[in-house]
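Please keep the sequence and the structure side by side while reading.

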Amino acid sequence: MKTGGTIIIVGGGVVGSSIAYHLRRDGHDGRLVVVERDPTYARASSSLAMGGVRQQFSSAVNIGLARYSRRFYAEFDDTMRVPGHHPRVNFRSRGYLFLVDEASSSRFEARVERQRGLGAQVERLGLDALADRLPGVRLDDIRFGVFGADDGYLEPRDVLRGFRAAAAAAGAEFVPAEVTGLLRRSDRVVGVELADGTTVGGEAVAVVNAAGPFAARLGAMAGLELPVYPVRQQLFRCALPTPWPYRFPVVIDPTGVHWRHDDPVTESDPDRLIVACTRLGEPPGENFECDLSRWEADFRPPLVRRVPRLEAATLVDGWAGLYAMTPDHNPLLGEHPDAPGFFLANGFSGHGLMIAPAVGKVLSELIRTGRSDTVDVSSLDPGRFDRGELVHDEAMI
Ligand SMILES: Cc1cc2nc3c(=O)[nH]c(=O)nc-3n(C[C@H](O)[C@H](O)[C@H](O)COP(=O)(O)OP(=O)(O)OC[C@H]3O[C@@H](n4cnc5c(N)ncnc54)[C@H](O)[C@@H]3O)c2cc1C
């Protein structure tokens with residue numbers, strides 16, 4: 001097991017910071033550098049996410065990553081306290097509920113069985129149970145619900161702050177700089193070059209790509225074509241005229257629109273919802289522009305159809321961030337086969353926040369020991385696309 005030597009992580013979002021934290025916790029006692037070009041994280045996906053945390057996947061590897069992470073998040077506010085920083089990620093275990101209509105019922109029936117068989121906490125809710133749980137939600141076209149009672153949501157920016165503070169307290173150095181080149185010795189990646197012309201490393205034991213939606217740009221610096229591409233995802237926040245009488249789980253409508261509560265922080269705050277609706281066919285690109293017309297066009301109509309009282313909700317704000325997509329919508333985890341020493345933690349395709357704790361743990365294991373024991377992530381290795389071995393997990397939203 002390697003414990004010493006320099007490790008450099010490029011990107012200090014939730015993924016890079018979680019890897020740094022886990023490396024230290026697991027005993028890496030060499031130099032540990034996290035290079036982050038924007039300490040405000042204005043465009044980091046970690047700042048812009050919705051905050052949903054679920055175990056409802058349909059592959060063993062994703063369920064394994066999600067279960068580790070869910071346990072981690074449930075205790076985050078206590079276990080990640082460090083001098084000067086008390087995190088408040090406020091994990092609310094209010095559940096994740098897929099509403100299933102006729103068209104998708106047989107697919108979901110099979111999925112629930114499979115998820116249960118793989119150890120996910122998930123149950124099928126009949127219409128009476130749904131009506132009790134969700135007063136005011138129209139169910140006339142719904143057959144049943146699939147509910148993960150242990151799942152829920154949290155505050156993404158506080159997760160980021162918490163991981164970063166804990167990693168720094170454990171001795172990770174956060175360097176505010178842009179990586180513009182990778183140093184190679186023969187085929188090994190051994191360090192990074194920064195925008196000011198200085199270098200870090202030169203004989204690093206590992207350089208980790210945790211550059212989020214910009215991962216392919218970093219890969220190109222090593223002459224690699226990584227199958228990771230940015231795709232815009234938009235969210236809207238709306239305010240309710242009066243407090244909603246109960247708290248929503250994350251609710252996923254058959255149309256794809258999904259929402260969660262954004263609880264009032266002070267007494268004068270209105271009750272609010274955060275609403276998402278993935279646009280199939282959104283073109284790849286680094287597009288951060290929020291298209292406000294989508295609220296009336298795509299988001300509000302299915303939301304109001306499902307919950308008629310939300311007719312009175314008013315738009316507060318909207319924003320756009322980038323999903324880092326891969327061809328099979330699953331991440332690349334592990335050392336690149338053509339660039340020894342270059343480890344990838346990329347391509348989370350819209351579910352990187354919810355599995356960031358486990359990703360930190362398994363990358364720490366892969367870097368130090370060459371294998372991941374906590375969750376076997378060998379099926380997510382970066383060489384799988386060249387071998388034509390895509391990972392199928394149908395539970396993507
Ligand atoms: C609108 C939206 C909603 C989402 N909702 C959810 C959700 O509900 N649940 C969920 O699990 N996931 C969600 N996601 C996905 C989740 O946010 C990401 O998968 C996760 O945050 C990825 O974290 P990361 O650290 O890899 O990337 P990022 O947070 O983007 O961090 C990458 C960092 O790398 C830095 N960087 C890049 N290149 C360089 C360089 N050359 N030099 C130095 N630094 C560099 C960037 O500045 C950035 O800070 C959502 C994403 C979006 C956009």
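Which residues of helix 1 are buried?

## Helix 1

The buried residues of helix 1 are Val 14, Val 15, Gly 16, Ser 17, Ser 18, Ile 19, Ala 20, Tyr 21, His 22 and Leu 23, where buried stands for 20 or more other C-beta atoms within 10 Å of a residue's own, exposed for 12 or fewer, and partly exposed for the range in between, with C-beta atoms placed from the backbone. Because ten of its twelve residues are buried, helix 1 is largely enclosed by the rest of the structure. Helices (H or I, at least four residues) and strands (E, at least two) are DSSP runs numbered from the N terminus.

Just after helix 1, Gly 27 adopts a positive phi of about 105°.

## Basis of the model

The model is predicted, so that local features need pLDDT of at least 70 and side-chain atom pairs count only at pLDDT 80 or more, while totals for chains, interfaces and linings use all residues. Residues are numbered from 1 along each chain as its sequence is written.

## Overall fold

The protein chain contains ten helices and 19 strands, and its C-alpha atoms fill a box of roughly 65 × 45 × 40 Å along the principal axes. For 397 residues a compact globule would have a radius of gyration near 21 Å, and the protein chain agrees with 21 Å; the radius is taken over C-alpha atoms, and the globule rule is 2.2 Å times the number of residues to the power 0.38. Buried residues make up 49% of the 397 residues.

## Two domains

The domain assignment, whose bounds come from an automatic or database source, gives domain 1 (7-85 + 156-228 + 327-387) and domain 2 (96-150 + 230-324). The C-alpha centres of domain 1 and domain 2 lie 28 Å apart. The contact takes 23 residues from domain 1 and 25 residues from domain 2, two residues being in contact if their C-beta atoms, placed from the backbone, lie within 7 Å. On the side of domain 1 that touches domain 2, helix 3 (60-79) gives the most, with four residues.

## The shell around the ligand

Of the 39 residues around the ligand, Gly 11, Gly 13, Gly 212, Gly 321 and Gly 352 come nearest; a residue is near a molecule if its C-beta atom, placed from the backbone, lies within 6 Å of it. Among the elements that give two or more residues to this shell are helix 1 (14-25), strand 13 (229-239) and helix 9 (352-369). Domain 1 and domain 2 each contribute at least three residues to the shell.

The shell divides into 21 nonpolar, 14 polar and four charged residues, with Ala, Val, Leu, Ile, Met, Phe, Trp, Tyr, Cys and Pro counted as nonpolar, Asp, Glu, Lys and Arg as charged, and the others, Gly among them, as polar.

## Loop residues

Tyr 41, in the loop between strand 2 and helix 2, has a positive phi of about 55° although it is not a glycine, and Tyr 41 is partly exposed, with 19 other C-beta atoms within 10 Å. Ser 349, in the loop between strand 19 (342-346) and helix 9, is likewise not a glycine and has a positive phi of about 50°.
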